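Have the viewer open while you read.

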Amino acid sequence: MRQCARIYSILLSVLALVAICSPIAGQTKKAEVETLWRLLDYIAVDYPGAVDKGKVINEAEYSEMEEFSGTVVDDLAKLPLKSGRADLIAKANELNTAIDNKASPDAVALQARSLATDLLRSYPVPLAPKTAPNVQNGKQLYAQNCASCHGMSGNGQGPDAGQLEPAPIAFTDSERARERSLFALYQVIGQGLDGTAMQSFADLPAQERWDMAAYAGSFAFKEASKGQELWKNDASIRALFPDLAALASMTPANLGKQIGPERADAVMAFLRNHPEAVGTASSGSLALSRTKLKESLAAYQAGRKDEAEALALSAYLDGFEPLEPALASRDSTLLKAIERAMGAVRVTINDDQPVAEVENRIRVLDGLFSKAESVLDAGQASQASAFVGAFTILLREGLEAMLIIVAMIAFLRKAERSDVMPYVHGGWIAALLAGGATWFAATYLIGISGASRELTEGFGSLFAAVILLFVGLWMHGKSRADEWQRYIREKMSKALSRGSAWFLFGLAFIVVYREVFETILFFAALWTADNGMTILAGSGAAILLLSVIAWAMLRYSRKLPIGKFFAYSSALMVVLTVILTGKGIAALQEAGLMSVTPLADFPQVSMLGIFPAVQSLIAQVLVIAVIAAGYWYNARKSCSS
């Protein structure tokens with residue numbers, strides 16, 4: 001394996017890039033964005049206490065507003081470069097100027113809120129908890145951590161309040177409460193508040209911080225029974241809260257502009273005491289997709305093409321994509337139809353088609369969503385569909401990785417290099433452990449966005465494809481028995497050096513982690529309290545079948561002549577290269593990183609990496625051309641030697 005030493009350096013870059021694309025690597029940027037959002041929210045809420053009618057009424061507050069707005073400008077410039085960053089900085093400078101000029105509180109609040117919204121569009125971070133907050137748990141946590149300062153009733157007059165300067169916030173202050181979202185409260189609880197006695201509670205789990213935010217946000221709103229009636233009887237109000245993200249980001253003031261202040265206060269009283277009425281956003285929702293598409297159409301009508309594209313992509317990644325595993329196990333044909341229709345919406349916007357055409361495509365999607373809702377209805381679920389879904393997902397994802405790992409093990413046996421075998425086993429075992437860590441992080445620590453999922457799958461597939469292409473062509477060059485014998489005599493001691501052994505470790509890790517990552521996401525979407533054992537049974541059946549296939553391959557490979565073994569292994573590697581290339585390009589297109597030129601009547605065979613798009617097919621054709629050239633070169637070299 002002479003090329004192994006060369007590929008090893010590539011592999012190190014691959015591992016680094018995979019790590020960069022992984023969800024955990026985004027933590028630093030996430031914290032920076034959350035801090036910026038919190039500063040903007042603070043400006044919007046507290047600026048009225050600093051300036052009134054063009055005059056400073058509180059010097060300390062005004063100095064703080066100037067400091068915060070300047071910090072926003074500086075910190076925006078430190079965020080990773082994106083196309084929208086320059087616009088964000090420009091708007092931040094406008095906000096800074098407005099504060100310097102002592103603009104009206106309404107104008108400053110509008111600018112700060114608008115900038116905060118644009119910030120999250122360009123640098124998305126999770127806006128909602130994974131599950132509905134537990135208000136009763138929040139009450140207990142509040143009593144333990146907050147009541148001494150803010151008071152048991154939230155009036156800001158706790159036992160320690162008299163010793164604090166500035167005084168603790170009164171959560172019962174309805175005017176202030178109307179301007180504060182649950183997300184803003186969650187941010188302050190997690191990060192604390194500079195210049196005050198408000199400490200950070202970042203050591204608490206994220207879900208508990210959401211519990212506290214929901215409870216603290218309920219003090220100012222009392223008419224929960226009236227809000228419950230409004231929620232129950234008015235579908236238009238329920239439509240404003242398709243998921244927990246909507247509840248977490250909605251301020252009572254903004255809700256009041258849509259349904260009236262009194263009704264808004266009542267609805268917030270109910271929802272902040274009973275957030276479970278909204279449900280969960282982490283598993284995706286067709287209601288969220290509908291909302292995003294409606295916003296996308298409105299942006300396109302207003303001439304904001306980039307915003308329309310981003311919203312249409314979010315409708316897929318954040319609303320529909322998490323539902324794909326469940327829908328695939330029940331109606332794969334409908335799944336493909338929705339995927340194509342959502343892609344068509346994005347293409348139509350990108351091609352500057354008439355508004356009526358975009359509207360028509362969204363209308364078609366709405367009909368498909370209605371069908372999907374019927375299919376996904378809990379009453380339609382069955383233990384059989386859960387079993388089949390788990391079985392097919394694990395079999396499909398596991399087969400690619402298993403074929404490569406088995407080929408590596410068989411190769412080492414043929415070469416009589418059992419001393420290197422632990423590196424291969426170490427690679428796939430490490431991938432399983434990393435998959436477990438990813439599951440834990442995604443469940444308890446962070447939210448993995450749809451874009452992160454697709455980018456990890458896309459780059460992982462393409463990196464694995466590059467490595468398999470090298471390995472496949474190398475194996476083809478050694479498919480003649482005399483070539484192999486010469487190689488054994490002259491190169492074997494060098495080829496499987498420590499560097500090459502670590503190469504095998506890295507290859508095993510990459511191909512297995514990619515499949516484990518995708519499987520975890522699929523299973524998380526399928527898993528419910530009622531079907532857990534059924535999914536485990538389906539997974540067990542798939543593992544058993546994969547084990548039988550692996551055993552048969554290893555046993556058969558022992559009997560193969562060395563030439564045929566390398567010929568068959570080479571064919572396997574290059575076929576997987578073509579498949580992974582198609583899957584990688586498709587994933588990057590779904591993440592919005594690459595454009596899509598659809599082919600309406602072209603078949604889609606996801607298992608083989610075949611997708612109805614010009615870009616993925618061209619990439620596969622180019623890979624096939626490289627493979628053909630490599631085979632031709634190997635044959636010519638063999639004839640001349």
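## Aromatic rings

Rings of Phe, Tyr and Trp (its six-membered ring) count as a pair here if their centres lie within 6.5 Å. With that in hand, one aromatic cluster to look up is formed by Tyr142, Phe171, Tyr215 and Phe219. Keep in mind that this is a predicted model. The structure holds 11 aromatic pairs.

Start with Tyr142 and Phe171, whose rings sit 6.3 Å apart, centre to centre, with 65 degrees between the planes. Tyr142 belongs to helix H6 (residues 135–145), while Phe171 is in the loop between helix H7 (147–150) and helix H8 (174–178). The two are 29 residues apart, so this pair links distant parts of the chain. Both Tyr142 and Phe171 are buried.

Next up are Trp231 and Phe241, a tilted pair at 6.0 Å centre to centre, with 55 degrees between the planes. Trp231 lies in helix H11 (residues 224–233) and Phe241 in the loop between helix H12 (235–239) and helix H13 (244–249), so the pair ties together parts 10 residues apart in sequence. Trp231 is buried, and Phe241 is buried too.

## H11 against H15

Trp231 turns up again in a helix contact, this time between H11 and H15. The axes of these two helices come within 7 Å and cross at roughly 95 degrees, so H11 and H15 are roughly perpendicular to each other.

On the H11 side, the contact uses Ala224, Lys226, Gly227, Gln228, Leu230 and Trp231. H15 brings Glu262, Arg263, Ala266, Val267, Ala269, Phe270 and Leu271. Sorted by class, the contact of H11 with H15 has eight nonpolar, two polar and three charged residues.

## A covered helix: H10

How many of the 11 residues of helix H10 (residues 206–216) are buried? Nine are, which leaves the helix mostly covered. Among them are Arg209, Trp210, Asp211 and Met212, plus Tyr215, which also belongs to the aromatic cluster mentioned above.

The cover over the buried residues of H10 includes H6, helix H9 (182–191), H13 and helix H15 (261–273).

## H17 against H19

Helix H17 (residues 305–320) and helix H19 (residues 332–350) have axes that come within 9 Å and cross at roughly 165 degrees. H17 and H19 are therefore roughly antiparallel, and H17 passes H19 in a left-handed crossing.

From H17, Lys305, Ala308, Glu309, Ala312, Leu313, Ala315, Tyr316 and Phe320 take part. They meet Leu335, Ile338, Glu339, Met342, Val345, Arg346, Ile349 and Asn350 of H19. The residues of this contact divide into 11 nonpolar, one polar and four charged.

Phe391 is found in helix H21 (residues 383–414). Is Phe391 buried or partly exposed? With a relative accessible area of 22%, Phe391 is partly exposed, because the buried label needs under 20%.

Leaving out residues up to four places away in sequence, Phe391 touches Gly538, Ala541, Ala542 and Leu545. Phe391 and Leu545 are 154 residues apart in sequence, yet their C-alpha atoms are 9.7 Å apart in space.

## The whole chain

Zooming out, the secondary structure comes to 28 helices and two strands. Of the 641 residues in the protein, 50% are buried. Among contacts with a separation of 6 or more, 74% are between residues 24 or more positions apart.

Note on methods:
Residues are numbered from 1 along each chain as its sequence is written. This is a predicted model: local features need pLDDT of at least 70, side-chain atom pairs count only at pLDDT 80 or more; totals for chains, interfaces and linings use all residues. Side-chain values use heavy atoms; hydrogens and water are left out. Axes are lines fitted to C-alpha atoms, for helices over the stretch in contact, and angles run from 0 to 180 degrees between N-to-C directions. Helices (H or I, at least four residues) and strands (E, at least two) are DSSP runs, numbered from the N terminus. Angles under 35 degrees count as roughly parallel, over 145 as roughly antiparallel, 65 to 115 as roughly perpendicular and the rest as oblique. A crossing is left-handed if the near helix is turned anticlockwise from the far one by less than a right angle, and right-handed if clockwise. Contact means heavy atoms within 4.5 Å. Ala, Val, Leu, Ile, Met, Phe, Trp, Tyr, Cys and Pro count as nonpolar, Asp, Glu, Lys and Arg as charged, and the others, Gly among them, as polar. Rings of Phe, Tyr and Trp (its six-membered ring) pair if their centres lie within 6.5 Å; planes under 30 degrees apart count as stacked, over 60 as edge-to-face and the rest as tilted. Buried means under 20% relative accessible area, exposed over 50%, partly exposed in between (1.4 Å probe, protein chains only).
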